[in-house]
Amino acid sequence: MIYLDNAATTKPNQAVLDSFLKVSEKAYYNANSPHQMGLQSEKILLQAKSRVKEMLNLNKNADIIFTSGATESNNIALKGIALRKKQFANVIITSVLEHPSVLEVMRYLETQGFILKYVNVTPNGQIDINHLEQLMTDNVGLVTCMYVNNVMGQIQPIKEIGSLLKQYPKAHFHVDGVQALGKIPMQLENVNSVSFSGHKFNGLKGQGILIIDNKEKIEPTVFGGGQEYGIRSGTVNLAMNVSLVKAMEIAIQNLNELNHRLSRYNKVIRESLSQYKGVYINSPENSAPHILNIAFPGVKGEVLVNAFSKLDIMVSTTSACSSKREKLNEVLLAMDIEDNRIEGSVRLSMGETTTEKDIEQFKDKFKLIYAQIKELLK
Ligand code: PMP
């Protein structure tokens, strides 16, 4: 089986599983309990948080909140920050490129009286910085942008956006870093908060993290026992959190090697597919190396995913593949990609476990798929 759906989820690393098991066995105590074992668990939790700051070169005063995934991190951050700003800066800026765990929160906040503005997207799928500059006013309290797009792989100019926003002290800059960690070098200097999900970098599903320069900026939206500074109540899942940090450590250590290896595979696939008439690459050239979006105009995405799956190649569709334009993938639409190229698009996504052999086999099997669909291509 050739697994090319790593943007959806990745295989857990053995060291992460070992870490989860070890902490579950040896430190199953409640980190909020007042006894010795509880205090020891709390110490492990705090050490894990310090390690995150060290690894990501963050300010020592930054706050770390462990969650169940980036969906929860994005929800807690975006709702909580917006609420704190409502009285004096109620304008929020985002783009249509964002993941639903951001966009749906934005739509909710709009129903709660916030003014939502969408920044334009350039044809290569990047935030239009000039337009962002035009949208910026003193009333903007929150700007949110992903680092790497999960559908196409394009990288956003986070450093430039951060520099621009520095001139607007009321504007909080939140980044969804899910598809970036371990895949590309990140620059988080002018970012106020960032979300990650463990299972996207060989951790476990249900592991998430929210990092913020100052936890006081978040109005709690989850209530309960007051854990995680009262921002994310619920008994701390120490084994999950420690093993998430383990996954992060491995991903950061392997970043350069993985980035180079996947860039090489990416190039090989691009070159190989360029020989096939009627097949196009949707992802911009300078995208993150692990995501490659390909178009087969004239053939539906689902049909392609099934054809790949029958040959033991796991890929994803990126569009709802409906004939109605409003159902087409918004990311691809925003990049002005033609409708039939959107309908016939699939996403290949590589990861740590992808091998040279996988890529060679993909190339061979692709020939068979092309022979099946070539009459349909437009
Ligand atoms: N943001 C991006 C860019 C993603 O790709 C994902 C996962 N598809 C998420 C957020 C949400 O992560 P999770 O499902 O782990 O909560």
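1. The largest pocket has a volume of about 600 Å³. Its centre is approached most closely by Leu58, Leu188, Glu189, Asn190 and Val191, out of 35 lining residues. A pocket here is an open set of points on a 1 Å grid over the protein atoms alone, with protein on both sides within 12 Å along at least five of seven lines; a lining residue has an atom within 4 Å of a point. The volume is the space filled by probe spheres set on the points, which are joined across faces, edges and corners.

2. The model is predicted: local features need pLDDT of at least 70, side-chain atom pairs count only at pLDDT 80 or more, and totals for chains, interfaces and linings use all residues. Residues are numbered from 1 along each chain as its sequence is written, and side-chain values use heavy atoms, with hydrogens and water left out.

3. Which element gives the largest share of the lining of the largest pocket? It is α6, with 3 residues. At least two residues each come from α6 (158–166), β6 (172–176), β7 (193–197) and β8 (208–212). Helices (H or I, at least four residues) and strands (E, at least two) are DSSP runs, numbered from the N terminus.

4. The ligand is surrounded by 13 residues, of which Thr71, Asp176, Ser197, His199 and Lys200 are the closest; a residue is counted if one of its heavy atoms lies within 4 Å. Polar contacts (pairs of N or O atoms within 3.5 Å; within protein, one must be able to donate a hydrogen and the other to accept it, and residues adjacent in sequence count only if both atoms are side-chain atoms) were also listed. An oxygen atom of the ligand lies 2.7 Å from a polar side-chain atom of Thr71. His99 has a side-chain N or O atom 3.3 Å from a nitrogen atom of the ligand. The protein buries 84% of the 400 Å² that the ligand exposes when taken alone (Shrake-Rupley method, 1.4 Å probe; for residues, only the protein chains shown count as cover).

5. The whole structure holds 19 salt bridges, each a side-chain nitrogen of Lys or Arg within 4 Å of a carboxyl oxygen of Asp or Glu. In one of them, Arg51 and Glu249 meet at 2.8 Å, N to O. This pair links helix α2 (residues 36–55) to helix α7 (residues 238–253), across 198 residues.

6. There are 2 cavities of 30 Å³ or more, a cavity being a set of points where a 1.4 Å probe fits but cannot get out. The largest cavity has about 90 Å³ of space, and α7 gives the most to its lining, 3 residues.
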